[in-house]
Amino acid sequence: MWQILALALKEFLALVRDKRSRFVLIGPPIAQLLVFGYAATFDLNHVSVAVYNEDPGAASRALIGHIAGSPHFDLVARITHDAEIAPLVDQRRVLLVLHLGPHFSSDLAAGRGTRLQAILDGRNSNTATLALGYLRSILTDFNRQWAKDHGGPAPPAVLQMRAWYNASLVSRWFIIPGIVGLLTLVVTLVVTALSVAREREAGTFDQLLVTPLRPVQILVGKALPGMVIGTLEASLIILLAVAWFDIPLRGSLGALYAGLLLFLLSAVGIGLMISAIAVTQQQAVLGAFLFLVPAVILSGFATPIANMPPLVQQLTLIDPLRYFLVVVRGVFLEGDGFGLLLDQYWPMALIGLCALSLAGWLFRHRMY
Amino acid sequence: MSPGSRMRLRGMVRKESLQILRDPSSIAIAFVLPVVLLFLFGYGVSLDARDIPVGLVVEQPDAATQSLVAAFRRSRYFRPRTFGSIQRAERALAARQIDGIVWLRNDFARRLLAGGEAPIAVRVNGVDANQAHLTEGYLQGVWLGWLQRYAAAAGHPLAIPVRIEHRVWFNAALISRFFLVPGLVAIIMTLIGSLLTAMVIAREWERGTMEAMMVTPLHIREVLAGKLIPYFVLGMGGMAFTVALAVWQFDVPLRGSLWLLFLSGALFMLVALGMGLLISIVSRNQFVAGQIAIVVTFLPAFILSGFIFDIGSMPAPIQLITHLVPARYFVAILQTLFLAGDLPRVVIPNLLALLVMGGIFAALVRRKAHKRLE
């Protein structure tokens, strides 16, 4: 027991005393949290809109007023010719052009119904879809109001939408808890991936293997510092998420930290596995990077797993980040406790145990 | 160029190319990672939802509710499941088995017949705000379609004062793959040009072989050129491969001209190489070079370039920062050339920006490399 602790302490000191590793642990994660926290957003604010209104009536002005008054849209240009549409859209000066024909108000007044033409820049398909959605809901409200004011029939049924957990649908509430998982994974993986590779490169790993320490003890000693640093790093980011970004933390901290420990177990296991395979530190860093990029893309961090094809969805089952993101988001936003998260806990534990055993086996069987 | 210089350069290029091919880590970054990224973004990742699991709660079934349920079953966006009571549906929503609930209370049919805005209560899981927005949009679509059919069947067609008639330019079906795959070219070239170059050249500094090369008759220009040419070729090869796969495998339209695409690609590659070279000269250490390259070039190319996240929606200070990211200009060119075509007013300003950045990096490299070597 003491032997393991001594090894863990030595690992920890080796990490903290190195100026470069210290920098990697603190500088980039905080900078990334701040930049990504603000930059990584799917929310649409101030979509630039151009209006081409050929109608002299009051109804068209009222509708344009509704749209310009919405926080989602900014009216940036009024145009008077068809030919002006293409340059504005092409150059991305506006995302949306609204065209109201010359008979807009008179058709509306005559009860004939009229059309609002919308031209969207589809180069960013997500933005275009969202903008169209906002436009539709503004128009639905406008139509209801119009029918009410002009004695038209009310629609037989209406939708009353309510979003659970994130009532105003702020995408930052989704992204920032994701960053907690992402940065914790990056830091833990790099730290542990380097631990054995560094000794291999320096030639001290062979010495470690001939000490009275058993391979299992070496494994535990190497894994502990990663777990400690991962826990500290995650706590710091969770603190910033709550204190700086005001993300609600509704569930039980115990459930969050139980998930975190299991997640770290799997991250440390994979890191040690990479470290055991790598011959040099450079290979270890690259190996970590090669694992990280697909792991992040497949985790549901930015794009939902449910949208992936079935085969790729099955591939995500071996990605520990996938489970931890559900835990973090569940505890932060949905107020989950242990009960609802059990299905996320055991796969992480399983991945961790498999990776650690494989790493331990590789310690003994891969020699240079 | 004198014959001697040409021969020395050829030797350098040959040595450098062999070094790339014999090092497993450079093969991993130059060949494996681009292919993994391409397949993940081409096949795996999508922002287009389909088969969203929703729970339907119908407290008193009749003809009207049945037609609404049928409308949900027909929609390709939804995979409905019926629940006996709202409590059970809400439990399923809390357990993440479904992403939304559509609830028709027992007075739905009565209020429908009375013509008075019968409420359809909808709950969506808002954790993933973007998907929740999209889900709400699809729900509205189903509701509106049903409403029109219902009104027409009841004998008094629905009078909708203003209808939207929308046209989406450049990506009419709003397929997210068409938007993601072109930007991937910039990511892959950043990987090769900046990350790989920074690490490999930093290794020469670290091991002292750079100094050894300095005492040979090679001129500093020849050393730098000899180092950069193989990576330039590798990067352009990566680009050609990505473009070919995008067009033939993932059916992304390429509406602009190929020469313009490769011209801007070559310019971006030079900028990326300049960044990689500068990072390696400043850090002179593989580990630090790798970390800096990831934080300064790779991650910004992913997040701050408009590749996934819309720059226009970022806060103003972050939008200013994006102007320092070369990938931003290249992603704009790529998305335009692939989807919209040759639009000089988009391509030329972005090319000029890349040219300016390339000039700045070349000047910096020239100064740093010179000072350190003498």
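A cavity is a set of points on a 1 Å grid over the protein atoms alone where a 1.4 Å probe fits but cannot get out; points join across faces, edges and corners, and volume is the space filled by probe spheres set on them. The model is predicted, with pLDDT of at least 70 needed for local features and 80 or more for side-chain atom pairs, while totals for chains, interfaces and linings use all residues. Residues are numbered from 1 along each chain as written, chains are lettered from A and ligands numbered from 1 in written order, and side-chain values use heavy atoms, without hydrogens or water.

Q: What is the volume of the largest cavity?
A: The structure holds 7 cavities of 30 Å³ or more. The largest has a volume of about 620 Å³.

Q: Which residues lie nearest the centre of the largest cavity?
A: Its lining (residues with an atom within 4 Å of a point) counts 34 residues. Nearest the centre are Leu182(A), Val186(A), Val296(A), Phe298(B) and Leu299(B).

Q: Which residue of chain A meets Glu117(B) in a salt bridge?
A: Chains A and B share 4 salt bridges, each a Lys or Arg side-chain nitrogen within 4 Å of an Asp or Glu carboxyl oxygen. At 3.1 Å, N to O, the partner of Glu117(B) is Arg144(A).

Q: How far apart are the C-alpha centres of domain 1 and domain 2 of chain B?
A: Domain bounds come from an automatic or database assignment. Domain 1 of chain B takes in 3-45 + 175-373, and domain 2 covers 52-153. Their C-alpha centres are separated by 49 Å.

Key: 1 Å grid on protein atoms, 1.4 Å probe; cavity = no way out; pocket = protein on both sides within 12 Å on 5 of 7 lines; lining within 4 Å.
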